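Please have the sequence and the 3D view open while reading.

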Amino acid sequence: MECALMDRDDLLEVISTWNSLYLSNHINYDIKHMDGCGNNWKKGLLKVASSLDVIDEIKGSPVELMLNKAIVYARRMDDGTIKEVHELLHTVENYMNEEENF
């Protein structure tokens, strides 16, 4: 079975969706202090972020360093690092949206 490789648009879509899910859950469960899911949503998002890979198009760029750092934090599966993962992925998303070629 052959794995499909991600391109720039695919990676950007995954990161954008991840950031949206983080913000939505952060508002609903952390800020509003709603019970229910507890921290399960954090573990799930960390699992997704830990499975990201650097694509060829961003290798050698500052975005590669930020993405790798986010992946390392996510692989710790520590709820306390999710904010840092979000900040890094948010920066990666902004950079990728601003830069057509890097």
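Does W18 count as buried or exposed? At 3% relative accessibility, W18 counts as buried, where buried means under 20% relative accessible area, exposed over 50% and partly exposed in between, with a 1.4 Å probe and protein chains only. This is a predicted model, in which local features need pLDDT of at least 70 and side-chain atom pairs count only at pLDDT 80 or more, while totals for chains, interfaces and linings use all residues. Residues are numbered from 1 along each chain as its sequence is written, and side-chain values use heavy atoms, leaving out hydrogens and water.

**Aromatic rings**
- The structure holds two aromatic pairs; rings of Phe, Tyr and Trp (its six-membered ring) pair if their centres lie within 6.5 Å, and planes under 30 degrees apart count as stacked, over 60 as edge-to-face and the rest as tilted.
- W18 and Y22 form a stacked pair, 5.9 Å centre to centre with 0 degrees between the planes.
- Both W18 and Y22 lie in helix 1, four residues apart, about one turn of the helix; helices are DSSP runs of H or I with at least four residues, numbered from the N terminus.
- Y22 counts as buried at 5% relative accessibility.
- Y22 and W41 form a tilted pair, 6.0 Å centre to centre with 50 degrees between the planes.
- That pair links distant parts of the chain, with Y22 in helix 1 and W41 in helix 2, 19 residues apart.
- Ring pairs link W18, Y22 and W41 into a cluster.

- Apart from neighbours within four places in sequence, V85 is in contact (heavy atoms within 4.5 Å) with W18, L46, A49, A70, Y73 and A74.

- S61 lies in the loop between helix 2 (40-50) and helix 3 (62-75).
- S61 is buried, with a relative accessible area of 8%.
- A polar atom of the S61 side chain lies 2.6 Å from the backbone oxygen of I58.
- The buried residues of helix 3 are V63, E64, M66, L67, A70, I71, Y73 and A74.
- Just after helix 3, M77 takes a positive phi of about 50 degrees.

Terms used
Helix = DSSP H or I, 4+ residues; strand = E, 2+ residues; numbered from the N terminus. Polar contact = N/O pair within 3.5 Å; in protein donor to acceptor, adjacent residues only side chain to side chain.
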